[in-house]
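Good morning, and thank you for making time for this. Please have it open as I speak.

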Amino acid sequence: MKFCTVKQYFDDENNNNVTNGIATTVIPLPNKHLKIKANNKEMEQYEQELLRNVMPQELTKLILAANYLNFKEALDFFCRTVANAIQNKSVDYVRKFFGLESDFEPGEEEKLCKEFAWSFEGVDED
Amino acid sequence: MLSCKSLLSQTINKKRKKNKSKNKNKNKNSNTRVSKKHNLVSKTQTYEEEEEEEDCEEGFNLKTSAAPSHTHGVQPLGNLYINPGSINSRNTGLGSLQTLTDELVLDILGLLGGTHLGVLATVSKSFYVFTNHEPLWRNLVLENLNAGFLYNGSWKSTYVAACYPSFDVSSAGVSGLRVRDFYSDYLFQSWLCANLEMKPEWLQRDNIIRRKGISVEDFVLNFEELNKPVLLEGCLDNWVALQNWDRDYLLQLCSDVQFAVGPVDMKLQEYFRYSDQVREERPLYLFDPKFAEKVPKLGSEYEVPVYFREDLFSVLGNERPDYRWIIMGPAGSGSSFHIDPNSTSAWNAVIRGSKKWILFPPDVVPPGVHPSPDGAEVACPVSIIEWFMNFYGATKNWEKKPIECICKAGEVIFVPNGWWHLVINLEESIAITQNFVSRRNLLNVLDFLKRPNANALVSGTRDRVNLHDKFKNAIETSFPGTIDQLVQKAEEKKAQQKQSFWDSVTDSKVGAFKFSF
């Protein structure tokens, strides 16, 4: 049974871990999975559609919800989505994506770029 | 649930509140089939690197060549709470990811390739620390470079040296950037477990029965049939291996032979290079079931101790499951709690070095271990050291204490079938182990192989599903009537036990009941 925590969730009235919006996204997933079980491609398309316009913060909440509900397939999928979103992207893009700023001391960043010079070939243009 | 004690020196306040916070974390199954449950450490765990590491009852000792603190300056969460007004650069540097647990962040990073991790390292201090987490690089090496790699001081360095050979790893150097204000229990714990020595009190209890020079009959009657572990001394005295097998000898013999080391193969000399340099929570160890086929001389320099010569799987010839391994591992390597496959019994002989053993009987699940109902999966804490830190203490107050011992060179331990066991090498060690089936546990093994989920549980052979039938038929052919004899004996024993139970519940003093009409 994939959803041992779900029953508990519905019983729990004051549940801060999973807001209603997130629940409506995550919970229908296993039914959809069963319906299109044989056809992986269709599932992929469905998932891409679902998350096309989701902001990183929402993704984070989805990950936490899937983790809390112990729903491995959804968790894997959401994590992969984040990974795919930042794969091969530049440092500035990643900072914008997660909404953070560089907090290195002056000079530290240059040193690091030297240490990781090998990794900067083939990065996407923003 | 973890209660990690702090690294204390005598000047640190020893009063610790039992205020444990429990976070619900679930690790995804990554490469291994074992799922791990990992809860965060007590909030009050603190660590002061400035203080001298004095020999304190409550503290831990770091390995002698360990750095005095986390490579990049990671501190446990407890330190954050004793520094009022501090910001955790872990969070500020993760942006919208900060609400995720450390394990979830690492799960995401685990999906990225080496180049992507390298780029991310320059995003922020927090990303720098996370992307430098060695297990990430270890996975990348083991998954992508199994054709061959030379361990180069760290898994990250190994990966870069192998994938970017023109890049001079040493000159650009490890910047060794130390971040301030980064607090994380998970990452700190990971470093701690990689660098701790075994505490003396974990090694004190030695309550296994020891025997020397007993007869085979004595062993079978008093240990094998009763399914009791025993440590046997003096039965390796005629092993050539005991005289010869040291590092130099083995290198001379088979330095370029590929041996199985975890999920990959490595030449022996490459393996020694790794084991000399390694500093991690779960060091890889050499564990090869075909060592005697690869190097026949190795097979010829030891022999099965006389107590274990009955080896019924041998009726299957080449189709038998894996049954003998050479084990070589650095200090700290070993195996967390498990039960040996196929319901077999085992013996483990130490040729060099020493091993600490902890054993629980089949019906006692060790603390901190969570087998799935069908027994196919076992969830354990991340590393052996972590088990000792967080669960060993619980065994002191249990009625059912484990059997423990340190097995030294020249000694053999008998591990009866079904027993849980954990082993850790206390120093670099070489050993031979074999699993076997004798008439004493033949019926158990047949039952095990008959189980509906046998193909998941049965190990060491390619033809898992048919093993039961093959084995049973082969036994009938070579030893006709044996199985029936054993079944009959077992039923007689059961009947006897029933009788005595009945006797015990009736009042034998009263005369037999009689109807009287």
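Predicted model: local features only at pLDDT ≥ 70, side-chain atom pairs only at ≥ 80, totals over all residues.

I turn now to the interface. How many residues does the contact take from chain A and from chain B? Chain A gives 44 residues and chain B gives 42 residues. The area buried between chain A and chain B is about 3700 Å², and carbon and sulfur atoms give 70% of that area. On the side of chain A, Asp103(A), Glu115(A) and Trp118(A) lose the most area to chain B; together they account for 19% of what that side buries.

Next, the polar features of this interface. There are seven residue pairs in polar contact between chain A and chain B, counting pairs with both residues at pLDDT 80 or more. The rule also finds two salt bridges across the interface. In one salt bridge, Arg180(B) pairs with Glu105(A), with the closest N and O atoms 4.0 Å apart.

Which helices of chain A each supply at least two residues of the side that touches chain B? They are α5 (56-68), α6 (72-86), α7 (91-98) and α8 (108-115). Of the side of chain A that touches chain B, α6(A) gives the most, with eight residues. By class, the residues of that side divide into 22 nonpolar, ten polar and twelve charged.

Let us move to a helix pair within chain B. The axes of α12 (residues 247-254) and α13 (residues 268-277) of chain B come within 9 Å and cross at roughly 150 degrees. From α12(B), the contact is made by Arg247(B), Leu250(B), Leu251(B) and Cys254(B); from α13(B), by Leu268(B), Gln269(B), Phe272(B), Ser275(B) and Asp276(B). This contact has five nonpolar, two polar and two charged residues.

Finally, a point about the backbone. Most residues other than glycine have a negative phi. Asn227(B), however, has a positive phi, near 55 degrees, and is located in the loop between α10 (216-224) and β2 (230-233) of chain B. Ser343(B) also has a positive phi, of about 65 degrees, although it is not a glycine. Ser343(B) sits in the loop between β7 (334-339) and β8 (345-352) of chain B.

Note on methods:
Residues numbered from 1 in each chain as written. Chains lettered and ligands numbered in written order. Heavy atoms only, no water. Axes fitted to C-alpha atoms, helices over the stretch in contact; angles between N-to-C directions. Helix = DSSP H or I, 4+ residues; strand = E, 2+ residues; numbered from the N terminus. Contact = heavy atoms within 4.5 Å. Nonpolar A, V, L, I, M, F, W, Y, C, P; charged D, E, K, R; others polar. Buried area = accessible area lost by both parts, 1.4 Å probe. Salt bridge = Lys/Arg side-chain N within 4 Å of Asp/Glu carboxyl O. Polar contact = N/O pair within 3.5 Å; in protein donor to acceptor, adjacent residues only side chain to side chain.
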